[in-house]
Amino acid sequence: MYNAKQIGLALASVLSWLLFSDTPNDPEGYVQDASNIRTEYDFVIIGAGSAGAVIANRLSENADWNILLLEAGGDESIVGQIPANAFALQLTNVDWQYETQPQDNACQSYKDKRCNWPRGKMLGGSSSINSMLYVRGNKRDYDKWKNDGNIGWGYDDVLPYFLKSEDNQNPFLAGTKYHNKGGLLTVGESGFRTPLGTAFIQGGVEMGYEHRDYNGEFQTGFGFAQGTVRRGSRCSTSKAFLRPARNRKNLHVSMHSRVSKILIDPDTKVATGVRFEKHGQIYVVQATKEVVLSAGAIASPQILMLSGVGPAAHLTEKGITPILDQPYVGENLNDHVGLIGIVFLIDKPFSLLTTRLMNLPTLLNYALFRGTPLSMISGVEGLAFVKSKYADDDDDWPDVQLHFGPGSDISDDGATNRRIHGYTDEVWNEYYKPILNRDSWTILPLFLRPKSRGTILLNSKDPYDKPLINPNYFSDPDDLKITVESVKIALALSKTDALQKLGSRLYDKPFPGCENQPLWTDAYWECWIKSASFTLGHSVGTCKMGPDSDPTAVVTPELKFRGIENLRVADTSIMPSLPSGNTNAPTIMVGEKASDLIKNTWKEASVESSRADTMFLGREFGLALISLISGFLFSDNRSNPEGYVRDTSAIRSEYDFIIIGAGSAGAVIANRLTEIDGWNVLLLEAGEDESITGQIPLFAASLQLTDVDWQYKTEPQANACQGYVNQKCNWPRGKMLGGSSSINYMLYVRGNKRDYNKWRDDGNTGWGYDDVLPYFLKSEDNQNPNLAGTKYHGKGGYLTVGEAAYRSPLSAAFIQGGVEMGYENRDCNGEFQTGFMIPQGTVRRGRRCSTSKAFLRPVRHRRNLHISKNSHVQKIIIDPITKIATGVEFEKQGRKYIVKASKEVVLSAGSIASPQILMLSGVGPAAHLIEKGITPILDLQYVGENLHDHVGLIGMVFLIDKPYSVISASRVMNLPVILNYTLFGGTTMSLLGGVEGLAWVKSQYANQVDDWPDIQLHFGSGSEISDDGTAVRFAHGFTDDVWEQYYKPILNKDSWTIFPLFLRPRSRGNIRLNSKDPYDKPLINPNYFKDPYDLKITIEAVKISIALSKTEALKKMGSRLYDKPFPGCEGFQLWTDDYWGCWIKRSSFTLAHTVGTCKMGPDNDPTAVVDPQLRLRGIKNLRIADTSIMPSVPSGNTNAPTIMVGEKASDLIKQTWL
């Protein structure tokens, strides 16, 4: 049951989503129908589909060209924006509702043996009704076109046009050789994954295929579906190409405009214009340059024939006077056809059933965050390109495609799939109805290169009369033979271990009409394929492109119509043969290439149109407020797993376990220990709940120096922090649930395998990389479909990990620059670390995913877990005789509590507070404790020692000439960005503290053969000067003199920065008490750069950063170092080691990666504070689990390793007490 508040939130969210793209000044606002149609245009484009919309955009870039775009339908359907609802549009008024002629070898179980042929009748054409799958085809397809005489259509020729359109959202693909960033067409994976999808991929790997990007270097293999989706919604060519250009004065878009013919002079054979009807009125419009026909493989030949161009005898028969006898117009029709309706039943509740889609939580989640099954790309989760036994095993030219769906014809209660597939009532009732709504999956197997050819012919000369469509499916027996093989491959997939674990089995009732064939024989499969044939909507070839030597060619390789001047055809009809895959992406490519061909013909320079005004009216302000309220309140209701944690109201006198500190490790341990119903756990946190502001990744730095930060400072440093007040560095630490995971930059970095193997080799048994990797995986719920469920990344854990939903062009340049330097773009949490990467972070739906959100909120209603906030621990109670920890003393809201722990006290307060609390409790260096007035219980000399941290140079500024920086005042804090972020999580506000790139590289002193880099780079698409001096300046601690002299003169200029650091510092410091007062902050002395080797390698890190700035990728943006001498270093020769050493010492900054102050070690290590089971040496029933136990700092950011420590500590505790 849902209360009024939740219903209101749902309605607010849905309204925000539906209305967001319908404003006059928004780049996604709906296209307005042209109200005044002129008598003459430069170009008239017929058809606003996958090619026509592209051409309209590109030609209207030239402000001197006037364009009329004609579309028979209206604007897009709102329902069609939801990917999972794609099929619901078929057989509606936005579908042409074509049917084939009765087929001899196909469509046998459908009414009159006719197959439905859906085609979009609206802006965007079939890109507004299709399955949104983004598949380019195979290199060999295009090279065959080229080799057949179509010069300029080889793979290397067309790849730039695929890239030109593309704005790929996968950071591992975008900006690489085969994928682009920044185009108009958004491409990405679904925001939702089922276990079935993972099993599909794993099954393919079992069969010997690779998990790969099938749009990349190789096609053969299995992959998650890529689609034309934007923020979880359909990205048609209308949304991608027409909406952003709809305010151009030289582009008229006329909807509901039915073309009756192209006007062609019968004597000169020149196309002069178009005749069309709109709302009952006939229009005749002249085209002074060209008519461009982009109506698709069905309507383009139909319109040509209606215009007198086609097979003369056929035209005469229909009462049309031929202007040009072109016998091959409408010929060469070919299409992908496969077997629809196979059902594989499973035993797990993993399918996309209507009951799991159409409910309030799913709808609300989708409206706000786009992460539910509704974002699934038409229900297709995976694609595979595989080889039948007839294919060449050595060639990457697979002949079979598989479409995998985590549901089937039975999953929607018989509401949609049954209708669009065209089953008769007899087939439905006999075969499918008995298993309606059971968990299942399906696969649509097909032959990629069919040999059968069909035709498009006129039914009459009436333009409103649908043409006769005869695809002649399976007229060539090879097509059927290989389709049977494709079914066998699908069956083999179903028998892999990955799918068998889900109880997968073929629904083995004989298909109606095939009962007389021996089951599972070729004859049986042939019968079923002929009965349940289904088009993929990939019809091509009816205005075939070819060279002069090809008598069957209708258009030239320049897409000019043979025999008619000023008439060009640009759509699927021109393709000589089918690409090996879905055809929407190739059609868009045709549109891009056609645009350039037209521009080259008319020798006109294209110019960029101006962007629309971004002023927002009162309505938008209202939407923003609704959206903000929805976003922030959504996670604060009792029944929601992300609701805020309540402070415990009744603290007991005794618990089994008391955990001190609800940070990156403590929150994990509280969750895992309370999995045991019989254990009662008290979790103590000195701070409050998380900050709402802190949920926005970009604003991470704004939390520092506030009441949710402990606001620690170091002691004055001799070799660092020289440019800060009193030569002290700020040391931010989170003082709230989630600890520093609620204040940090959210970067998810595990470190290097060698780090953990060194821990193990030093005697810490059970802490090698192979030992700890399972604990990283246990927590992780990785959102990148290319990583999740692989050897190095988990799926389904509590901790959400993913990339930011926004990328600036600077991030791509950073990656490309690294590649220029010889490094790979890779997942640095995977097999190898050395390289450049887009950062992974602990983010969920564009917001911070702290350990509080990940581990505490989902379990906050457990009765055996009490969470006490604002609880400042005074000391751990330890019996001085038995040396047993028995409880904890803490103060809360002015009241003192003493609570017993019957099993253990677990100290998880971090590298600063954990040694402080131990010393306050009488455990530490005895002489120091006595000096502070504390009676020692255990003289443990190394408590607080071994302190080390990652420190680097902060504040370098690289200026650029492009408007790409994250500048708070103008590009972040404005209504469009805030509204977009609140609704979709996709703006600059989703950046991980402004960090857009990470790199692990090697100085000249590192082992060049070993994968153990010694330098890390943090790349930011902004710098100290990018926030108007409001936050970063203070977080970093610069004096007023430094700020005024160095940074203020370039305030808010476009820039980027980099933070270079040495990964394995040798300098060691300590934590000491300032007094015995628990509220007195400890003395922190990191001894930065005490070992000169640390400074030497940090200087090398700076030099590598400078080298990166000089790569071509960054130089293209005008990148240059702001070269004013840094204050205090003017006396050194610029750019020398001495100069850099001075700047590093003056502008040092912590990465807050402090570790080691309660060092873990074996019995023979006299400096060890805890043993490898994390038990405090010399004190029973006291365990420490946080960064303080790490013997040495991992090679990277420490939040992920700390969470791993929490996971492993939980298992160690369970092993002790269970």
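**The disulfides, one by one**

Guide: Happy to. The count comes to 4 disulfides, and keep in mind as you look that this is a predicted model. In general terms, a disulfide is a covalent bond between the sulfur atoms of two cysteines.

How are they paired up along the chain? Number the bonded cysteines in chain order, and the pattern reads 1-2, 3-4, 5-6, 7-8. Keep that in mind while we visit some of the pairs.

Let's start with C107, which is joined to C115 with an S to S distance of 2.1 Å. Look along the S-S bond and you find an angle of -105 degrees, making the link of C107 and C115 left-handed. Are these two cysteines buried or exposed? A residue counts as buried when its relative accessible area is under 20%. C107 has 0%, so it is buried. C115 has 1%, so it counts as buried too.

Now move along to C514, which a disulfide joins to C527, again with S to S at 2.1 Å. This link is left-handed as well, with -90 degrees about the S-S bond. Where do the two ends sit? C514 is in the loop between β24 (505-506) and α15 (522-531), while C527 is in helix α15 itself. The two are 13 residues apart, and the pair is described as linking distant parts of the chain. As for accessibility, C514 has a relative value of 1%, so it counts as buried. C527 has a relative accessible area of 16%, and because the cut-off for buried is under 20%, C527 is buried as well.

Next comes C721, joined by a disulfide to C729, S to S 2.1 Å. With -105 degrees about the S-S bond, the link of C721 and C729 is left-handed. Both C721 and C729 are buried.

While we're looking at cysteines, here are two others to find in the view. C543 has a relative accessibility of 0%, so it counts as buried. C849 has 1%, so it also counts as buried.

Methods: Residues numbered from 1 in each chain as written. Predicted model: local features only at pLDDT ≥ 70, side-chain atom pairs only at ≥ 80, totals over all residues. Heavy atoms only, no water. Disulfide = S-S within 2.5 Å. Buried < 20%, exposed > 50% of the residue type's maximum accessible area, 1.4 Å probe, protein only. Helix = DSSP H or I, 4+ residues; strand = E, 2+ residues; numbered from the N terminus.
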